[in-house]
Each structure stands twice: as structure tokens, then as C-alpha cells.
Amino acid sequence: MSEMVKKTLRYAASFFLIVTLNFAFPRLMPGDPVKNLIGEDVYVSEAVMEELRAEMGLNRPLYEQFTAYIGDLLRFDLGYSYHLHSPVAEVLRERIGWTLLFVGVSVLMGAVLGTLLGAYAGWKPETKVNRLVCCGFIALSCTPPYFLALLCLDIFAFELGLFPFKGFYDVPTPGSVMYHMFLPVTVMALFSASRNFLIMRGSVIQEKGQLYALYARAKGLYNISILFRHVIKNASLPIITLLALDFGFLFSGALFTEIVFSLNGMGTLIYDAIIGKDYPVLQGSFLVIALAVLLANMLADLLYAVADPRVRRPT
Amino acid sequence: MRWTTSRVFCIAALSLIFLGGIYLLMLPSESEGASGIETPAAEADAETDANSSEGPEKVLKIATPNVIKSESLIGDYYLGIFAHLSNFPLMQMSEDGKIVGRLADHYEVSEDHREWTFYIRDDLYWSDGVKVTPEDVQFSMLYYGEKNPSGRWINETLESSSVSDTDNSVTFKFNKPYTRIDLEFTTYNILPAHVWESIENPMEYSSKGPYVGCGPYYIESVDLNTARLIFRKNPYWKGKKCAFDKVEVDWYASEDAACLALEKGEADTYYKYASSYPYANIERLEKTGDFNFVEKDSAGMCYLGITLNEAPRSDLQFREALAYAINYEELMQLDTLGYGSVPNRGLVPPGMEYYKPTEKCTYDPEKAREILKKAGYEDRNGNGIVENKNGKDILLELMILPGYERDAELLQEYFRAVGIDIEIENVDQNTYMDRKDTSRYELVFSRTTPWGMLMHSGLGTGYFDSRRYGYIEDPAFTGLCDQILNTTDSETLRSCSYSLQDYYAEELPVIPVYWKKVVTPYNKRFEGWHYNNLDGIYTLDTFLDLHEV
């Protein structure tokens with residue numbers, strides 16, 4: 001069996017496992033979705049509760065619920081949100097677009113910034129500027145996201161009045177969207193960059209001591225060429241892994257940033273679904289995240305092969 | 001490449017210029033600032049605007065941490081609350097806590113309390129020009145009963161309904177006596193039948209607006225991406241003229257962000273359903289000099305619930321000892337920063353109708369120890385914890401939700417000081433609701449909401465009656481609840497309510513920990529704020545009376 005077929009089978013098995021866990025995990029949580037739907041301060045009789053359970057299909061045995069869930073999935077039907085009163089696919093479509101925009105841009109910016117600065121800082125770790133930058137990124141990566149987001153809001157929106165407090169836009173124009181997205185994207189890009197910076201720095205420090213780097217220097221290559229043509233290629237393998245993992249983060253959004261800047265993204269969607277025991281939303285969201293992570297891992301496998309010839313060499 | 005100081009400076013300067021350029025590009029232009037949303041009522045609006053606002057548009061801005069999560073008028077909890085302004089409920093609470101008409105002018109109830117007739121105001125028009133009719137009310141209630149999960153009780157208990165166009169009334173006949181329908185009907189927004197009858201499933205219906213309304217304002221738009229709900233003047237409103245052309249409700253997912261926005265002047269007031277402006281931020285807001293505050297007693301409060309199914313919790317003496325062990329003043333000061341008060345043993349806060357002053361809760365750990373000793377709970381093994389009558393150390397579990405950790409730790413400290421050990425159980429919302437509704441806990445520290453205090457027979461009984469979400473099975477208590485439920489006579493209600501508060505004070509099935517105040521800031525430029533226990537400042541009177549100083 002070719003390697004490709006094996007990998008495809010492996011991903012298919014992972015996908016089935018994920019689908020099963022998606023169904024099981026929300027139902028393992030304590031509490032009753034119907035009670036959540038009714039609310040804390042409203043009383044309805046047990047008969048009405050049962051009626052609602054039946055309407056939501058929650059009175060059926062678990063295996064029946066599972067087969068119905070799989071059947072719906074095969075028809076690309078993700079179900080209907082108990083709390084948002086909308087088909088899950090519609091809710092996800094709207095939220096994913098915005099989340100991709102602000103988290104996707106942040107992850108990409110963070111990757112570029114963190115990788116380049118991290119590579120340079122690893123290449124010349126002894127300089128004052130690099131030490132300072134390194135301290136800065138360590139501090140950033142240790143700062144709680146909620147605090148950093150709130151600090152930025154306080155300084156740039158409240159004190160300086162440079163940016164708005166909330167929302168994706170005031171009017172749906174590119175300028176307004178960029179104006180509103182600047183602060184949340186900056187906060188998240190800085191976070192992402194700090195992680196990438198530290199990993200890249202460590203990786204370059206390790207790689208530059210290898211013999212191939214010494215050989216390149218012996219050949220008379222400039223430092224900049226050694227770093228960007230040889231070292232960075234090998235040092236970027238952990239970054240590729242991190243980016244693949246970040247894809248999950250990409251779709252699950254950035255809960256704290258969404259809360260501070262009142263953004264209607266995937267993070268708050270999942271959080272609210274957990275609190276409200278909105279099974280269909282949880283199942284749909286986790287499915288999308290799982291698919292994204294699987295896809296990212298497949299891409300990472302391909303990128304490994306591009307970056308590292310040892311991976312594509314037959315064993 | 002060497003990082004000389006001048007090079008670093010140049011790069012920093014260039015970066016700043018670059019970022020500044022991007023920022024200038026991003027700033028919304030003047031033309032972008034004005035929304036171009038067209039509504040069906042736009043023509044009528046234009047007419048109204050021409051009459052009302054020769055100058056710039058007058059906008060009232062409200063900041064709130066109550067997040068609207070879906071654009072469904074019936075399905076979304078907070079959108080439903082805000083929509084009281086545009087789609088009046090039948091009844092409302094007055095400033096003195098009485099239930100009075102809103103969409104209804106007045107009501108009559110039959111002697112057996114099964115038949116309720118609401119007489120509808122005849123000066124109300126929907127924002128599309130159609131008159132509000134009793135059919136709209138009948139249609140809405142049947143709609144809620146059939147389609148809305150939390151309105152299913154209507155379907156369960158409603159036997160028949162009829163309308164009379166001669167006296168503009170709607171009559172609901174229930175299959176059992178129902179004395180608190182007037183209160184129940186303070187929450188259901190009345191919908192225009194001619195619009196909603198074509199919508200098969202209203203719960204699933206969502207729209208960015210406009211929604212036809214009959215109040216002084218109608219909902220022009222609700223946008224989850226801007227986090228903003230906009231009300232526009234109802235061109236067919238015949239009542240008192242409102243001072244504002246538009247009301248903007250801006251929601252913030254973080255309370256901190258909402259407070260900062262208010263302080264910055266992005267909003268004129270702050271509203272959080274059933275809650276106060278964060279006490280810790282009041283002083284900071286006061287310092288700006290731009291805000292005044294409405295300060296009122298809240299119907300909500302914090303309490304220690306004690307399930308009575310097992311000893312020692314079922315022992316009144318033991319509960320007395322618990323009550324004396326709590327340092328009420330300290331807890332109140334810590335949680336409300338002084339915007340609260342030590343409660344009475346009768347539980348019910350002073351802002352509520354039929355409040356009876358009962359004995360004040362007092363902190364006396366020495367007395368608590370004495371009571372325990374007299375009741376036979378003694379520390380025989382000298383480990384600091386008293387033993388129950390079987391000789392085992394008393395250890396009680398205290399269930400709390402996240403956010404109450406500090407209170408729980410203090411309670412643990414107070415109770416340990418008198419010899420009662422406490423184990424804190426911090427549970428998530430789902431577990432909490434599940435266990436609380438089935439009384440599977442020993443102690444709980446929690447809060448009540450104004451609506452919660454009013455539900456069932458009122459006075460907090462919905463939380464504590466075992467036939468609802470509580471644990472009190474004592475016939476003396478449930479009997480009083482039933483008496484309240486069986487009458488609309490105010491004198492009987494008063495006498496039963498007083499007896500109920502005496503029951504709380506004497507039997508201590510629940511220990512009130514502190515009462516609190518609702519503090520609502522508002523910009524000094526505006527006057528005419530009203531408040532009631534159910535809606536806070538978000539009342540019809542506020543919107544009708546509010547004006548610029």
C-alpha cells in the first residue's frame with residue numbers, strides 16, 4: 001500500500017474518531033440543555049420539559065441520536081442551534097468569515113514577524129538589541145491575553161482615543177473594518193509572534209552550531225546568506241508544526257480578545273455553546289476545528305517534505 | 001549589519017510614519033459615519049424628522065454588558081428585554097413596585113381568578129401605521145404559548161381566549177385559578193399580528209431589522225457585528241413626545257470595556273439588566289464630573305440557602321448558630337463597597353412591595369457557639385470542630401458558582417470560627433443549575449434576581465418552595481404560598497406576605513447575607529430618569545421624560 005493511501009486512511013480514521021468524540025463530549029457535560037434553554041428564573045412543568053426534549057430529539061436513546069447525527073452529517077446538515085435559533089451551518093459561516101479575517105491575519109503576521117525576528121535574534125543572540133527584543137517577547141508571551149487586550153484598549157482607545165472600543169465595523173466598508181480590527185489584530189499578532197520568536201530563536205541557536213553552517217562559512221558565504229538560505233530552512237520545522245497547531249486556534253478564535261473588543265467570532269460562539277449546552281453548535285464548531293487541524297497537518301506534512309529533503313527521501 | 005543607535009532611530013521613525021499613514025487611511029470618513037440604512041418606515045421618518053429635528057439628530061446612547069447573541073426578536077433573551085421599548089408588554093411595573101398597564105389600559109379579573117380581561121389602549125399604532133388591536137395581544141400570547149419554550153405554560157393553562165372590538169379588550173380564560181397573570185404579562189412583548197402571522201416559526205425568524213413596533217420607538221436595526229441595536233422614533237406614536245430621535249444600545253462583551261466607553265463619553269448611561277454599575281468603578285466615574293447616579297434598593301440580594309432534608313441542617317438551633325456566625329457587615333462591605341446593607345432575617349429587601357421590617361441579622365460568634373453547645377453540638381475531641389449527635393465532626397458542603405470564591409472563603413472562615421467545617425464546591429453553571437433545581441446540595445451561596453424574587457408567589461418563594469426550584473416542604477410555608485397564589489385582594493396579599501416574612505425570620509430556611517443597591521450612572525446633561533425594580537432605568541417613563549438639561 002502506498003504511503004499516500006496509508007496516510008489517507010489514517011486521516012479518515014482520525015476524522016471518524018473526531019466525529020464520534022464530538023458527539024460524545026458535549027453529552028458528557030453535566031446539566032440539561034432544556035433547562036438551560038428555559039432559563040434559571042422560569043418555571044415550566046415536567047410535561048413541557050419532556051415535550052421540548054422530544055422536539056429537540058434529546059429523549060431518544062443515545063445510539064439513535066448518534067445515527068441521526070451521522071445521517072445529518074452525510075447530508076451536510078449540521079443541525080439547528082437551540083440558543084441562536086438558526087441553522088448551525090449559517091451561524092458558522094458568518095462567524096468563520098470574521099474569525100478567519102482577524103485571527104488569520106494575526107497568525108500570519110505573527111508567523112512572519114516572529115520567524116524573522118526570532119531567526120535574527122538566534123543568529124546574533126549576544127547583541128544588546130536582540131537581548132532587549134528577546135526580553136520583550138518573553139514578557140509578552142507571559143502576559144495573560146485578557147490583560148494585554150484590556151491594556152491596549154485602555155491606552156489606545158480610552159486614553160489616546162485612536163481606535164474604537166468594539167465591533168468589527170461601524171459601517172461595512174474596508175476602511176471601517178481595518179480601523180476596528182487594528183487593535184485586536186495587533187494584540188493577537190504580538191502573542192503569536194512572541195511564541196514563534198522564542199521557538200525560532202532557540203531553533204536557530206541550535207542549528208547555527210551544526211557542521212553545515214560551519215561549512216557554509218568556510219565556503220565564504222555571507223552571514224545573511226547562511227542564515228536565510230540554509231539555517232532558517234532547517235530551523236523552521238518546529239514553526240511549521242506550531243502553525244499547523246495554530247489552525248485549530250484560528251477557528252476556535254481568540255476568546256479573550258473577542259470578549260474585550262466585543263467581536264462576534266468563533267471563540268465566543270463556542271464559549272456560549274458550552275455554557276448553554278448547545279449540542280449542535282458544539283458539534284458543528286468542533287467538527288470545523290477538527291477538519292481545519294487535519295487539513296493543516298496534511299499541509300504541514302507536505303511542507304516538511306519541501307523544507308527537509310530527509311522527509312521525502314524513501315526509507 | 002550593525003544596529004547603531006541612529007539606524008534604530010531611523011527604522012523606528014519610518015515605522016511610525018508608515019503606521020500613521022495606514023491609520024489615516026483607516027479612519028472612517030464623514031460620509032461613512034452616517035448610516036445609509038433604508039427602512040420601510042423611512043418615508044414616515046423623513047416626515048417626522050422634518051417636524052422634530054431641525055438641528056442635528058438627537059441620540060441617546062446606552063452602554064450595556066448584556067450581549068445580544070442573535071437577531072431573533074423572540075429567541076434572544078436580551079433583545080427581548082430591550083424590545084420592551086418598541087413592542088410593549090401588556091403590563092409593567094410602576095416605580096412603587098405595583099403592576100400597572102402598559103399596552104393594556106387596565107384589567108379585570110373574575111372572582112374565581114380564571115378569567116382575565118385586558119382593556120387595550122386605543123391610542124397605540126404600529127410603526128407601519130396599523131392600529132394596535134386586541135387581536136394582536138391574543139395572537140401574541142397564543143404564539144408564545146405554542147412556539148416559545150419559556151411560554152409553554154400559557155399553552156398548558158389557557159383554556160380559551162376571545163376579543164371584543166367594542167370595548168377593545170381581550171379575555172383569557174385559564175383552566176385553573178391564576179392570580180399573577182398581570183405580573184407574568186410584564187415580560188411578553190406584543191407583536192403585530194399582521195406582520196408575524198405569516199412567519200411560521202417565530203423562534204427561527206431573525207432579521208437585522210427593522211421590526212415593526214408600537215412604542216415611542218421601533219427597532220430600526222440590530223447588528224451583531226457592530227454590537228449595536230438602534231431604535232428610531234415611531235412616526236405613528238401619539239403619546240408624549242420623546243426628546244431623542246434615536247436610541248442606540250451599544251453592547252460590550254466585557255464589563256470593563258463598557259465602563260471605559262462610558263467614562264470616555266461614548267455613552268450617556270449604563271444599563272445592565274437586574275444589576276448595578278460595577279461598584280468598584282463608581283468612584284472613578286464620579287471623578288470625571290460628567291455623571292450623576294440613580295441609587296436605589298435592589299430587589300435582588302445574596303443569600304445562604306440551606307437544604308433542610310438532613311440533620312444538622314434540619315435543626316433550627318443549628319441554623320440559628322449559622323446565622324449568628326456570619327459577619328454580614330464585612331461581607332457586604334467587601335462585595336458592595338458600601339452600596340448595600342445588612343439584611344433583615346425576613347429576607348425580603350425594602351424595595352419590594354409588602355416589605356415588612358423584621359429583626360436585623362446580627363453577627364455574634366459567641367452566641368453562635370453558645371447555641372451550638374446548648375443544642376448538643378460540642379467539640380468533644382478538641383479539634384476545633386463540633387461533632388453532630390452521632391459523634392462525627394460536622395462538615396458541610398458549600399456550593400458556589402465561579403465568581404463567589406471570596407464570599408465562600410469568608411463564610412468558611414466564619415463557620416470554622418464557631419466550630420463548623422465547610423468544604424467549598426465551586427461548580428460550573430450547568431452543574432449548579434442541575435443540582436440547585438433538584439436540591440442536591442447542603443449549602444449554597446447565591447444571588448436572586450428581581451424577576452426571581454417576584455416569580456411563583458413572590459418574595460423569593462420561587463427559589464425556595466419545593467414545588468418549584470426549592471427545598472422548603474413545610475406545609476406552613478407552602479400553605480402561605482398557596483394563599484398568595486389564590487388571591488388578588490391586596491389586604492390578604494399584605495397579610496400573607498407579612499406572615500411569609502415572619503416565617504423566613506423565625507425558621508431561617510434561608511439566611512439573607514446582604515441586600516444591595518442598584519447604582520446607575522447617567523450623563524449630567526440629561527434629566528428625567530425613572531426606575532423600577534424589574535427594569536431598572538430601562539422604563540417607558542424614562543424614555544418619555546428624558547430631556548437635555
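This section describes the predicted model of chains A and B, from overall confidence and architecture to local backbone features.

The mean pLDDT of chain A is 87, and 96% of the residues of this chain reach 70 or more. Within chain A, confidence is highest in helix H7 (residues 145-159), at a mean of 93, and lowest in helix H15 (residues 309-312), at 71. Where pLDDT is low, predicted coordinates should not be read in detail.

Chain B contains 20 helices and 19 strands. The C-alpha trace of chain B spans about 90 × 80 × 40 Å along its principal axes. Of the 549 residues in chain B, 45% count as buried. When contacts in chain B between residues at least 6 apart in sequence are considered, 68% of them join residues at least 24 apart.

Two domains are assigned in chain B, domain 1 (69-196) and domain 2 (298-517). Their centres, taken over C-alpha atoms, are separated by 35 Å. Seven residues from domain 1 and seven residues from domain 2 take part in the contact between these domains of chain B. On the domain 1 side, the contacting residues comprise three nonpolar, three polar and one charged.

Chains A and B also touch one another: 47 residues of chain B are in contact with 49 residues of chain A. On the chain B side, the elements that give two or more residues are helices H1 (5-26), H6 (152-157), H9 (255-264), H15 (429-437) and H16 (450-454). Of the elements on this side, H15(B) gives the most, with six residues. By class, the residues of chain B that touch chain A divide into 21 nonpolar, 15 polar and eleven charged.

The largest nonpolar core has 215 residues, of which A:Leu153, B:Ala261, B:Ala321, B:Ala325, B:Ile326, B:Ile511 and B:Val513 touch the most other members. Helix H8 (residues 174-207) of chain A gives the most to this core, contributing 15 residues. Domain 1 (69-196) and domain 2 (298-517) of chain B both supply residues to this core, so the core lies between them. For B:Ala321, contacts other than those with neighbours within four places in sequence are made with B:Ala368, B:Ile371, B:Leu372 and B:Val418.

B:Val170 counts as buried because 25 C-beta neighbours lie inside 10 Å. Although B:Val170 and B:Tyr119 are 51 residues apart along the chain, their C-alpha atoms are separated by 6.6 Å. Leaving aside neighbours within four places in sequence, the contacts of B:Val170 are B:Phe118, B:Ile120, B:Pro134, B:Val137, B:Gln138, B:Ser161 and B:Val163.

Most residues other than glycine have a negative phi, and most peptide bonds are trans. In chain B, the peptide bond from B:Gly209 to B:Pro210 is cis, with omega near 0°. B:Pro210 is located in the loop between helix H8 (193-196) and strand E8 (217-223) of chain B. Another cis peptide bond joins B:Ala311 to B:Pro312, with omega about 5°. The loop that holds B:Pro312 runs between strand E12 (291-306) and helix H11 (316-325) of chain B.

B:Leu347 counts as buried, with 28 C-beta neighbours inside 10 Å, whereas B:Tyr354 is partly exposed, with 18 other C-beta atoms within 10 Å.

In chain A, helix H4 (residues 62-74) has 13 residues and reaches 18 Å from its first C-alpha to its last, close to the 18 Å expected at 1.5 Å a residue. Just after H4(A), a positive phi of about 60° is found at A:Phe76.

Terms used
Residues are numbered from 1 along each chain as its sequence is written. Chains are lettered from A and ligands numbered from 1 in the order in which they are written. This is a predicted model: local features need pLDDT of at least 70, side-chain atom pairs count only at pLDDT 80 or more; totals for chains, interfaces and linings use all residues. A nonpolar core is a set of buried Ala, Val, Leu, Ile, Met, Phe, Trp, Tyr and Cys residues joined through C-beta atoms within 7 Å. A residue is buried if 20 or more other C-beta atoms lie within 10 Å of its own, exposed if 12 or fewer, and partly exposed in between; C-beta atoms are placed from the backbone. Helices (H or I, at least four residues) and strands (E, at least two) are DSSP runs, numbered from the N terminus. Domain bounds come from an automatic or database domain assignment. Two residues are in contact if their C-beta atoms, placed from the backbone, lie within 7 Å. Ala, Val, Leu, Ile, Met, Phe, Trp, Tyr, Cys and Pro count as nonpolar, Asp, Glu, Lys and Arg as charged, and the others, Gly among them, as polar. The expected span of a helix is 1.5 Å times one less than its number of residues. pLDDT is the predictor's confidence in each residue, from 0 to 100.
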